[in-house]
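Please keep the model open while reading.

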There are 4 protein chains.
Amino acid sequence: MAVELAPDPDVARLAERTAAFVRAVVIPVEERLGGVARTESVRAELQAEAKAAGVFVPHVGVEFGGHGLDMRGRAVVFEEAGYALLGPLALNIAAPDEGNMHLLEAIATDEQKARYLAPLAAGDVRSCFAMTEPAPGAGSDPAALATTAVSVPGGWRIDGRKWFITGAEGAAFAICMARTSGEPGHAGGATMFLVDADNPGMKIVRHIDTLDESLYGGHLELIFDGCVVPDDAVLGEVDQGFRYAQVRLGPARMTHCMRWLGIARRAQDIALARANEREVFGAKLADLGMVQAMIADNEIDIAASRGLILRACWELDAGRSAAQATSIAKTFTSEAVWRVVDRALQICGALGVSGDVLLGRFLREVRPFRIYDGPSETHRWSIARRATRRHAAAGAEVRP
Amino acid sequence: MAVELAPDPDVARLAERTAAFVRAVVIPVEERLGGVARTESVRAELQAEAKAAGVFVPHVGVEFGGHGLDMRGRAVVFEEAGYALLGPLALNIAAPDEGNMHLLEAIATDEQKARYLAPLAAGDVRSCFAMTEPAPGAGSDPAALATTAVSVPGGWRIDGRKWFITGAEGAAFAICMARTSGEPGHAGGATMFLVDADNPGMKIVRHIDTLDESLYGGHLELIFDGCVVPDDAVLGEVDQGFRYAQVRLGPARMTHCMRWLGIARRAQDIALARANEREVFGAKLADLGMVQAMIADNEIDIAASRGLILRACWELDAGRSAAQATSIAKTFTSEAVWRVVDRALQICGALGVSGDVLLGRFLREVRPFRIYDGPSETHRWSIARRATRRHAAAGAEVRP
Amino acid sequence: MAVELAPDPDVARLAERTAAFVRAVVIPVEERLGGVARTESVRAELQAEAKAAGVFVPHVGVEFGGHGLDMRGRAVVFEEAGYALLGPLALNIAAPDEGNMHLLEAIATDEQKARYLAPLAAGDVRSCFAMTEPAPGAGSDPAALATTAVSVPGGWRIDGRKWFITGAEGAAFAICMARTSGEPGHAGGATMFLVDADNPGMKIVRHIDTLDESLYGGHLELIFDGCVVPDDAVLGEVDQGFRYAQVRLGPARMTHCMRWLGIARRAQDIALARANEREVFGAKLADLGMVQAMIADNEIDIAASRGLILRACWELDAGRSAAQATSIAKTFTSEAVWRVVDRALQICGALGVSGDVLLGRFLREVRPFRIYDGPSETHRWSIARRATRRHAAAGAEVRP
Amino acid sequence: MAVELAPDPDVARLAERTAAFVRAVVIPVEERLGGVARTESVRAELQAEAKAAGVFVPHVGVEFGGHGLDMRGRAVVFEEAGYALLGPLALNIAAPDEGNMHLLEAIATDEQKARYLAPLAAGDVRSCFAMTEPAPGAGSDPAALATTAVSVPGGWRIDGRKWFITGAEGAAFAICMARTSGEPGHAGGATMFLVDADNPGMKIVRHIDTLDESLYGGHLELIFDGCVVPDDAVLGEVDQGFRYAQVRLGPARMTHCMRWLGIARRAQDIALARANEREVFGAKLADLGMVQAMIADNEIDIAASRGLILRACWELDAGRSAAQATSIAKTFTSEAVWRVVDRALQICGALGVSGDVLLGRFLREVRPFRIYDGPSETHRWSIARRATRRHAAAGAEVRP
């Protein structure tokens, strides 16, 4: 056993196929649409092509049509898929479906898998994950969860308000987090419920207009108003919702990073193409020191992000908590990707802010990632707290 | 004589009136429209209100309905107008009209002033400034000017392509920079021409889709194709265009800064309101150290920008070249404003990326300012070159 | 009345004389000594030269041999003095004597002025300001003041421990802050005392070895152990010490900034000289984009610092509290100066880290300024708190 | 085969032993000496202890007393050794000896190994690497090599000037780079020579006073003045010096990073200890948001550096060129380590700038690493150039 950074050959081949598919099939569609898919026909067409290319839902088990990639494998393949905004949609590995499949595969009953996971993995339906609430509910602080579920004969009644529920428009079902014990502010007592879209107690309040627009199905505000679900709608066990959330959120945080890292590479390639052909002041952009500094910083940011993601994935695959590693990787990558796109846009000048290239679109899409999945500040707080505790526990071997 | 930073009392009162006007009249319209005005009726209504409030076109002479503010006075008043995206449009001090008025007032003949400046200052018409060209023409490097004007009987024939011509849609006339002598790459031989919108030789190629959308009349691509103008369409003297461009660009660079500084303050106020009311983890946002750091950095960036703008304005009013001071102020302010809006958005979290507040809009609007009016890299190159020359000229008094 | 940034002609002439004096007299001594003066003979010689050049103690009143400069005047002159590490010592405007003179001139009795201020302003003696205490005493948080003074017949007895007392070695007297009422943690009840060096109750514990070494007389740890002083040793009024501290600290914060801004300019000049003469990869350093970026950022940092200092000085001269302005100026300048020296050193490469130029010395000297006079974090906390309160007080006119 | 980040168990055990040794043996010595060893007795004592602990020269082959660690193994062990400034000296893995051993093991003849490598690996002698020259010679640009070696009967005569030759004081021999063909400015024609210290043609000009002081034997300026060496003093083949330099420099760049990463961790631990015990404003430092942000950024910088170093080491072990990976790792790590130490010092406040903790010393030691081994600017230039070429070679698949 020794340190080894090369992916398994099967994974490497899948990544290459994915890269080729994205360039040949996805990017032309994306450029035509300006980066945002809004219709089922586009989704269906892209996913059919991905199936034909053998790159569809690579992260779920073979019994659900995938390749059973572990997190390290996803790191390599998802980055290639993320090279286009629409790549993840094409492969059916976009948020929130990708994370929901991961969660269902891990904790759903066989019946729930047949009913929810199978059609989801096939791309026949979409889903959403209803956790985040408007202030003062569950946002940066999940413990503030205010939506409640109370036991009623034969099931549960859910009441509460959710927002920024990605993909909710057109989703066949939601996984809803609700409090089944404890009070808002206490980190216990949440339960996950599978709620079908046709449940009359789950209603769309509005589409939230957001800076980013590329996640299919938008960000919605939902209300659960006397929403009754049967007992078998409980996902996993009652009161274990916060624990399951970690099952979903750690990996989901990383797959976000992988996909956005792909966009960062794309932005860099757009900038490199421009730098290699545009002349100004008698020199190629690529030969100007300040442009070179931006190009180099992009390379550094991309390489550092990749290393941190891989470390966190390796810890996750090894069954460790990986909380520190995923927080570090998410915080760094979300900020690095933002810097990379911003520099790429700057290199392209006026062209960069125009719709003639997709950099302005990318900038809009990556900005919220510094907030979604836990703002950088919340992650930094966690990272620092773990570091201080680690040091205190070590018996303060070094003292000033 | 001593250093004095308080504005003249008249200016201070005008600034207060402007601030009150923006809050009472402009912001409600802006919030209703999401920050972007797209119709003449909105423009007319806002400008009528500004006239009624006595805050219209403050920078032009009283004979044109203004208050004759010098650059230092503009620094104070324009910042207040810029507190809303639509404030400058309301006061008729938005780009490019504001800079065109400045230029016309400085170098136009009386006849040209009557014909072009008077209706422009009254808000009856709008204008554009056709200088920037797509690569490899005049962009970061004005000397690359490729559009030509050749003498023809009774006038001039202009041929060339321009892009990012702000406000061109619906403008009554353009001020067009064309080369009348020398070759592209040489910093000489440009002339400015007044071209009426109904000139059949000036044609709109397309609207350029851009990240920013709030400048009224958009950013257009134009073609001058055998565009013939009479001799009296020459603005100032033949072959003096690059010199006049400096007359316009130095001050225009500063008025951009003033307006965007207003938006930075607005973003900070939105963040402060949120920080003062939102609680998370049992504390107000405003009491969390990482939020305080962002708030403080915003205060610092705003104060530093204001100081640099004022310095450059004072130099301009004193008749100095001010090239170093305006480059420094533009570079710092454009980046500071971007940081301020970005931090404000981060403080507001998911709300910040939603359309419920205008921060996402502001972010889109200020990003291009690091490119428009000379990218930061071009300005840094100029700043460094002037510094090295200054040092070399001083006889290298300090040697390593 | 209008905004005016040019200094009074008398001030401008004094600044020019100071600049010439520093170059002709101080820098040769400084280069010989590596930036650190350690003997009375050097101090005496430099100060005699400064008197001869008519640039000595410019900030105190003419009755004490100075030019009575207000804060705006000091901003211009002290920056020139700070162009050499030993410049402030030569002019007798180094910390802590300069701030002590300022304080004594403002609040001492005529007798105290004759006894303490007059010889201090003449350079006959030196002084120190004994406020900072080791943890958990008065550091970032002045209210933690733990040193006590209790009334005894005919005077006061002071007990406590102080550290980082600059210039204490060889000082003729200390101004000591001690608590005369209230408990540590409460921001009230401090009194200032004049303590003669020969008082047996004031003892030197040790010299603190620090990263910086250029402040004459070092940083000492002192103990006040049953230190009895007479009633007329009280400076100002009993229990008003925290208020007086503000009289001293606001301006002292600014004069620190002015002096360090001078060093930043010196560092930039050293880098410019190097950039203008060193060739690498076939080009002058000054022609390489990444070097130009550093040079430009230095120019920007210097200009922005100067603007913020001037603003704070103008507020102080106008009799305003200026707390926000001095915190902003101190935070920005201390960090900007650090960046400037760091970039200058980087431009000079291996030469920059060698003793052949003084940049390594400068780097060591400016680093602690981000901690002395209130760490950046404490200032950011204050700045944010004032901003949030200002917003809350304004009635939250802008709401998200 | 799959991605695996855990080190080989043998390596892990050696790293643990090294960590324990550094804490038990090295740190007490280091704290006593303020981080700088200046005598042979200290060196001998530390190295004897390291031998006894079984952690000596881990990177050389077992036949020379080491553990034959590959680069990935060094990454883990050297980081632990670097946790103290004197750790690498103790293990005999400090620059430049460590890199010289690596080079000799790779290209020396058996006789050269017996004569030079064996005593070096045993710690019986020390060595230096004489490549860098003062301007306009070989610095950032190795091709500027100006020292010459010309063939004379029975050997070679070397003439030239070198500076920043680390460890030259007391070294038993130098490996000297000299030009044997081509002209300065051309990247060809260098040869490496083994020069014994008692060669009368190699003379010490001076010790260079530098910001850093912890590298044993200092940084010297040397002159080669008619320095004649025999034919068997040629290391490897004539005219292959630049190629061999790469053999040495890529790995040496990484081992520098590993060692400095250890110091970054140490600085962080010092800050954590302080943050866990110091109270201010009624809270522990570790509970203040701005301190937490610094702690978290340190964790992130350390983790990202480690990931980049490991990637480069894996490429080196795989026999790839690794030039891009080592440039990226060196640039990021040298800057990250600097930030970490700077933040740690800031967290400790006045204590941090005092000699009571070693942070000021660390700050001085790590600063030059952004210049030594190629300044960040040179690396960024290389990184950008490789990125642009890679893109151009790929057929510019993405075009703006």
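Which residues in α1(A) are buried? Val11(A), Leu14(A), Ala15(A), Thr18(A), Phe21(A), Val22(A), Val25(A), Val26(A), Ile27(A) and Glu30(A) are. Buried means that 20 or more other C-beta atoms, placed from the backbone, lie within 10 Å of the residue's own.

This is a predicted model; local features need pLDDT of at least 70, side-chain atom pairs count only at pLDDT 80 or more, and totals for chains, interfaces and linings use all residues. Residues are numbered from 1 along each chain as its sequence is written, with chains lettered from A and ligands numbered from 1 in the order in which they are written.

**Helix α1 of chain A**
- Helices are DSSP runs (H or I, at least four residues), numbered from the N terminus.
- The buried residues of α1(A) pack against α2 (40–52), α3 (71–81) and α4 (87–91) of chain A.
- A kink of about 45° lies at Val26(A), shortly before Pro28(A); the bend is the angle between axes fitted to the seven residues ending there and the seven starting there.
- Gly34(A) follows α1(A), with a positive phi near 70°.

**Chain D against chain A**
- Each side is listed separately: 50 residues come from chain D and 50 residues from chain A.
- Contact means C-beta atoms, placed from the backbone, within 7 Å.
- α8(D) gives the most to chain D's side, with 13 residues.

**Chain B against chain C**
- α9 (residues 323–348) of chain B and α8 (residues 289–317) of chain C pack at about 90°, their axes 10 Å apart.
- Ile328(B), Thr331(B) and Phe332(B) meet Glu299(C), Ile300(C), Ala303(C) and Ala304(C).

Key:
Two residues are in contact if their C-beta atoms, placed from the backbone, lie within 7 Å. Helices (H or I, at least four residues) and strands (E, at least two) are DSSP runs, numbered from the N terminus. A residue is buried if 20 or more other C-beta atoms lie within 10 Å of its own, exposed if 12 or fewer, and partly exposed in between; C-beta atoms are placed from the backbone. Axes are lines fitted to C-alpha atoms, for helices over the stretch in contact, and angles run from 0 to 180 degrees between N-to-C directions.
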